[in-house]
Each structure stands twice: as structure tokens, then as C-alpha cells.
Amino acid sequence: MPARRSKDHRGLTRAPKGAHPARFIRHGFARLASAGVLALLLTAQSGAAQAALPDSINAIRLHGCGGRAGINRPLARARKLDEAARRTAAGATLRDALLAVGYSAEQSAVIHLATPGGDLGTARLLEQHFCAQIAEPMEREIGIAHRGEDTWIILAAPLQTPQPQDAPAVSRRVLELVNEARAQSRRCGRQSFSATTALKLSQALGNAALAHSLDMATRDYFDHTGADGSSPASRVTRAGYAWRTVGENLAAGVATPEEAVSGWLQSAAHCQNLMDPRFTDMGVGYIVNPKNPSVIFWTQVFAQAGSPSAARAPQ
């Protein structure tokens, strides 16, 4: 699944010549801003010929708008978002623009508006019609593109994915969450499970998991069957683990161990793998590829050591 949330708005609204906006594209849930805060902003900038737009937006965020309290979280200008804004100005969707520049977003939105009033006029429109978007606490970065009187603004919260060097800590955290789940009885779909024994990490299973995540991330697929036709069991054998029972869970587009394990527990088949009392060992591997829409791929492998008996992968 693609990583996270994005908002891309293409509907065009035109205003009369004498009105504030010449045209703007509005978020469906935009709220009108209070005139008082805008007046404070314009008064503070009256000595300047034209305010820098990011500074104007950050001033609105700081003072608040539309009945919203101010937040002291200024947006940082991001070169990748500037390039993505230029691509949206050329007709690309927000999703495609972010993917093209390699920007992974937890949350993102694009605003397109036009006014002959320059940056101050643009700031006025943003405060009046897009307060909810520019005051969103999650947003951290901004990108801007201009073309004549038109301005494209992208607001985003970068997706914070684990780095390769975090792998040992991430594996331990996944194991901790899995064992916490296994320590409690639960129902996975139609099947009930009693509390069961804790798993331990296996380097061989971790290697098998990492290899499959790498294959999915680089070859752009999401499946238990590898690009080479391999199965979870054959990959575990290839990693040098002599198994009796094997299971595998996959996830994509989730950034943390907590999100990954929570998602598996909410799916009946994945939950059944996670709670299976036969399993004694676990390995997990993730790969981040910003050029892939899903950004991050996870593979979790379970096994019971011994001679081959069965292999399970959720369908």
C-alpha cells in the first residue's frame, strides 16, 4: 500500500475580478479564518514590499487562525518539496510528484491558488481558506513553486523510517511486542489462542526475512512468493535454518515496529502465525526504498527447528 496520507486537490474555483482570490483550489474541510489575526500579520509586515511566503505561513501558524490556537512549530523549507511543487505545477499529481523526487511523506497536502497580490495576497488567501491545512501540527516541511500569479504549496510531514543501523534495536522491539501479544490469550479471526511461550530471535531467520524485504523493495512487488519463485520455506532453508514448521508475515508502508505488529494482530491469518504455539524462533527484516510508493517493506519469519513438516503464509 502507498505510504501514508496525501491530499491532492484539482477542482478550480474562480472569483470575480474585484474579489480577493482570482482562483484557488480548496481543501474540502477548509475553514474561514478570523480577520483579526490576519490584520496583525499584515500590520507587522507593512514596511516590507513583499513578505517571504514561508515566513508569512509560519507567522499564521504561530499566532493561530480560524479559532485555532497558535503552534510554535515553524515549517522548514525542503528542496525536494520545492521540486515536487514544480512538478504539480506542471500537472503531476501530488503522489507522483513526491515519488519522483524521492520524498516519503507521513502526511502531505498540496494547495494551488492564484492572486495578483504577491506573497501577502497569497498569505491572506491561505489564512482565510486554508487555515486547517497550514495550522496542521503534524506538518513539518514546506515546498513552494510560482508561475505568474499562481502558487503551488506542498505541506508535508516526512515519513520517519528506521535506518539500516537501527536493525538490531528494531528486531528486539518487534520481538518484545510479539512476545507481549503471545503472553495473552486472544482470538485471531475464528480461531482462539491461549497464551503461549515466548519466541527468541534467530539470525538465520532474520537473514531470510531481510533478503525477501530487499527483493520486494527493489523489484516492486508484495507477495510471499519471491521473484525467483521461492517460498517462505525455501528461503528459510537457503538461509541455513533446519525447520519443522515455517510461517511468514509481510507488511509495507508502515514506519514503526508498533504499527507493523498492530497491523498483523488485526489480520486473522497474520495473527494466527504470530500466536502459533509451535513456533520457537523469529526473524524480522525491513528495507527502505524511497523510490517505491510503499517506501518500506517488512518481512517477519517464524519457525520451529527440526525436519520439514509444514509451511504457512497468510493469503
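This is a predicted model: local features need pLDDT of at least 70, side-chain atom pairs count only at pLDDT 80 or more; totals for chains, interfaces and linings use all residues.

Visitor: How should I think about charged pairs, and how many salt bridges does a search of the whole structure find?

Guide: Side chains of opposite charge can pair when their charged atoms come close. In this structure, the search finds 11 salt bridges. One of them joins the side chains of aspartate 82 and arginine 77, at 2.8 Å from N to O.

Visitor: Is aspartate 82 buried or exposed, and what does the cut-off say?

Guide: Aspartate 82 has a relative accessible area of 11%. Buried means under 20%, so aspartate 82 counts as buried.

Visitor: Where do glutamate 83 and arginine 86 lie?

Guide: Both residues belong to helix α3, which covers residues 79–89. They are 3 residues apart, about one turn of the helix.

Visitor: Which residues are linked with Glu83 in a network of salt bridges?

Guide: The network links Glu83 with Arg86 and Arg87. Elsewhere, a salt bridge of 3.7 Å, N to O, brings together the side chains of aspartate 96 and arginine 95. Here aspartate 96 is partly exposed at 40%, and arginine 95 is partly exposed at 41%.

Visitor: Let us turn to aromatic rings. How many aromatic pairs are there?

Guide: The count comes to 3 aromatic pairs. One of these is formed by phenylalanine 222 and phenylalanine 297, whose ring centres are 6.4 Å apart; their planes stand at 50°, so the pair is tilted. This pair links distant parts of the chain, 75 residues apart: phenylalanine 222 is in the loop between α8 (203–219) and α9 (232–238), while phenylalanine 297 is in strand β13 (residues 296–305). Phenylalanine 222 is partly exposed, at 44% relative accessible area, whereas phenylalanine 297 is buried, at 1%.

Visitor: How are the rings of phenylalanine 279 and phenylalanine 302 arranged: what are the distance between their centres and the angle of their planes?

Guide: The centres are 5.4 Å apart and the planes are at 15°, so this pair is stacked. Phenylalanine 279 sits in the loop between α11 (268–275) and β12 (281–288), and phenylalanine 302 sits in strand β13, so the pair ties together parts 23 residues apart in sequence. Phenylalanine 279 is buried, with a relative accessible area of 0%; phenylalanine 302 is buried, also with 0%.

Visitor: Finally, what surrounds a single residue? Which residues does aspartate 281 touch, not counting those up to four places away in sequence?

Guide: Aspartate 281 touches Leu199, Lys200, Ser202, Leu205, Tyr241, Val301, Phe302 and Ala303 on that basis. Aspartate 281 lies in strand β12 and is buried, with a relative accessible area of 7%. The side chains of aspartate 281 and tyrosine 241 are joined by a polar contact of 2.5 Å.

Visitor: How far is aspartate 281 from glutamine 304, in sequence and in space?

Guide: Aspartate 281 and glutamine 304 are separated by 23 residues in sequence and by 6.3 Å in space, C-alpha to C-alpha.

Conventions:
Residues are numbered from 1 along each chain as its sequence is written. Side-chain values use heavy atoms; hydrogens and water are left out. A salt bridge is a side-chain nitrogen of Lys or Arg within 4 Å of a carboxyl oxygen of Asp or Glu. Buried means under 20% relative accessible area, exposed over 50%, partly exposed in between (1.4 Å probe, protein chains only). Helices (H or I, at least four residues) and strands (E, at least two) are DSSP runs, numbered from the N terminus. Rings of Phe, Tyr and Trp (its six-membered ring) pair if their centres lie within 6.5 Å; planes under 30 degrees apart count as stacked, over 60 as edge-to-face and the rest as tilted. Contact means heavy atoms within 4.5 Å. A polar contact is a pair of N or O atoms within 3.5 Å; within protein, one must be able to donate a hydrogen and the other to accept it, and residues adjacent in sequence count only if both atoms are side-chain atoms.
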